[in-house]
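Please read this report alongside the sequence and the coordinates.

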Amino acid sequence: MQHNYDEPVYLISVVAKVLSIHPQTLRQYEREGLVEPSRTDGKIRLYSQRDIDRIKLILRLTRDMGVNLAGVDVILKLKNQINEFEVLIEELRLELDKRNNGGKSKAVVKHKNSFDLIFYEKN
């Protein structure tokens, strides 16, 4: 069964087991505002695949790169801001395309840069 990327379906115990971390670590990430799981009416935390991917990134930054949680917060906020700017640039480029004589001229913005963190494992 295929789930929506943003659909909250995973319990904290499942996420902790899959990622080999203590549930208390997940609670700490939530307290720090690094991840915001959904809550059921009974206040049970439910995580989406997007949440899990975000937690994986947090773990890579803290474990592999030695970044503290304050640094992780800054990195995640910058990554989010860059993503928002990329969307805005694309919207402006499309608007510019429309205004340039029905597409006869090309937009000024031709290159879209993406902020991705790529990790290489040492053999």
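The buried residues of helix H3 are covered by elements that include S1, helix H1 (12–19), helix H2 (23–31), S3 and helix H4 (69–99). This is a predicted model. In H3 the buried residues are Asp51, Ile52, Ile55, Leu57, Ile58, Leu59 and Leu61. In general, an α-helix has 3.6 residues a turn, so residues three or four places apart point the same way.

H3 (residues 49–64) lies across S1 and S3, and runs at about 80° to S3. At the start of the helix, a side-chain oxygen of Ser48 comes to within 3.3 Å of the backbone nitrogen of Arg50. After H3 comes Gly66, which has a positive phi near 70°.

The protein has four helices and three strands, which follow the order β-α-α-β-β-α-α from the N terminus. The three strands make an open sheet, ordered S1-S3-S2, with antiparallel pairing. Strands S1 and S2 are the edge strands, each pairing on one side only. S1 and S3 are joined by two bridges, and Tyr10 stands opposite Tyr47 of S3. The residue ranges of the strands are as follows.

| Strand | Residues |
|---|---|
| S1 | 10–11 |
| S2 | 38–39 |
| S3 | 45–47 |

Which residues does Arg45 contact, leaving aside its neighbours within four places in sequence? Arg45, a residue of strand S3, is in contact with Tyr10, Leu11, Ile12, Arg27, Glu30, Pro37, Ser38 and Arg39. With one of these residues, Glu30, the side chain of Arg45 makes a side-chain polar contact of 2.4 Å. Pro8 is 37 residues from Arg45 along the chain, and the C-alpha atoms of the two are separated by 8.7 Å.

Some totals describe the whole chain. Of the 123 residues in the protein, 24% are buried. Among contacts with a separation of 6 or more, 55% are between residues 24 or more positions apart.

How values were computed: Residues are numbered from 1 along each chain as its sequence is written. Side-chain values use heavy atoms; hydrogens and water are left out. Buried means under 20% relative accessible area, exposed over 50%, partly exposed in between (1.4 Å probe, protein chains only). Contact means heavy atoms within 4.5 Å. Two strands pair if DSSP finds at least two bridges between them. Axes are lines fitted to C-alpha atoms, for helices over the stretch in contact, and angles run from 0 to 180 degrees between N-to-C directions. A polar contact is a pair of N or O atoms within 3.5 Å; within protein, one must be able to donate a hydrogen and the other to accept it, and residues adjacent in sequence count only if both atoms are side-chain atoms.
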